[in-house]
Amino acid sequence: MIRVLPICAMAALAACASTPPFGSFRAGLTPELVATVDAPLLYVGVEGLGRESTVQPIETLDGVTTWRTPDGTSAISTRDGLVVATRSLGDDLMSADLAGSIAASNGQGGDGYYPRFHTTLDGEYQTEFRSFQCIVTAREPETLNILGTARATIRTDETCATPSFDVTNSYWRGTDGELVRSEQWISEGTGVIITERLN
């Protein structure tokens, strides 16, 4: 049986008694609280929207895992840890081709550029396609502290550019290959999504 944390989900934060500063929810997560959950648990934070939650997997299909908030109103989908879709965040990422970024986060590929593609919906529900040219700008060991436990990781930073702007994404992958943490730009309306594996 999957047990969920009694928290406010991303889309329901406005219904909470008060909205604390961004990061307060993550700071309140403890090893004891996470230990009560007997399923994989992922922290998701969207600083630009001031939203935070934990999510749990509901299905994996063709290598893509969908994670949902406890109240079922918001979700993200990941492939090898990288966010390839969002739902109910506003300016959602409908799909993404991140083959180059996934390879880069795993320490693969050369020093050259590789493509990244995002498909989003605009305010009038029209499909928009965005193509990036990305390149790895840094790759180095970094130890993360996740709920009091040190996790040895390799941090990979990539810069992805369009003709009008560029963004930076960062990935922290453990020695076991698991993506421990990430900071990924999703869309202009959503901004950066932070993910962190809690168990």
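Trp 185 is buried, with a relative accessible area of 11%. Buried means under 20% relative accessible area, exposed means over 50%, and partly exposed lies in between (1.4 Å probe, protein chains only). This is a predicted model: local features need pLDDT of at least 70, side-chain atom pairs count only at pLDDT 80 or more, and totals for chains, interfaces and linings use all residues. Residues are numbered from 1 along each chain as its sequence is written, and side-chain values use heavy atoms, with hydrogens and water left out.

**Aromatic pairs**

- The whole structure holds four aromatic pairs. Rings of Phe, Tyr and Trp (its six-membered ring) pair if their centres lie within 6.5 Å; planes under 30 degrees apart count as stacked, over 60 as edge-to-face and the rest as tilted.
- Phe 25 and Tyr 43 are stacked, with ring centres 6.3 Å apart and planes at 20°.
- Phe 25 sits in helix 1 (residues 24-28) and Tyr 43 in strand 1 (residues 42-46), so their pair ties together parts 18 residues apart in sequence. Helices (H or I, at least four residues) and strands (E, at least two) are DSSP runs, numbered from the N terminus.
- Both Phe 25 and Tyr 43 are buried.
- Phe 165 and Trp 185 form a tilted pair, their ring centres 5.4 Å apart and their planes at 55°.
- That pair links distant parts of the chain: Phe 165 is in the loop between strand 9 (149-161) and strand 10 (166-174), and Trp 185 is in strand 11 (residues 179-187), 20 residues apart.
- Phe 132, Phe 165 and Trp 185 are linked into a cluster by ring pairs.

**Salt bridges**

- There are eleven salt bridges in the whole structure. Each is a side-chain nitrogen of Lys or Arg within 4 Å of a carboxyl oxygen of Asp or Glu.
- Arg 130 and Glu 188 meet through their side chains at 3.4 Å, N to O. This pair links distant parts of the chain, 58 residues apart: Arg 130 is in strand 8, and Glu 188 is in the loop between strand 11 and strand 12 (191-197).
- Arg 130 is partly exposed at 22% relative accessibility, whereas Glu 188 is exposed at 59%.
- Glu 142 and Arg 155 form a salt bridge at 3.6 Å, N to O. Glu 142 is in strand 8 and Arg 155 in strand 9, so the pair ties together parts 13 residues apart in sequence.
- Arg 181 and Glu 196 form a salt bridge, with the closest N and O atoms 3.0 Å apart. Arg 181 is in strand 11 and Glu 196 in strand 12, so this pair ties together parts 15 residues apart in sequence.
- Arg 181 is buried at 17% relative accessibility, and Glu 196 is buried at 6%.
- Salt bridges with shared partners join Arg 26, Arg 181, Glu 183 and Glu 196 into one network.
- Arg 181 also lies over the face of Trp 172, at 5.4 Å from the ring centre. The criterion is NZ of Lys or CZ of Arg within 6 Å of the ring centre and within 35 degrees of the ring normal.

**Strand pairing**

- Strand 6 (residues 93-97) and strand 7 (residues 114-121) pair in the antiparallel sense over four bridges. Pairing requires at least two bridges found by DSSP between two strands.
- Ser 95 has Thr 119 in strand 7 as its bridge partner.
- Strand 7 and strand 8 (residues 127-146) run antiparallel, joined by eight bridges.
- Pro 115 has Gln 133 in strand 8 as its bridge partner.
- Five residues separate strand 7 and strand 8 in a hairpin, and Tyr 125 in the turn has a positive phi of about 60°.
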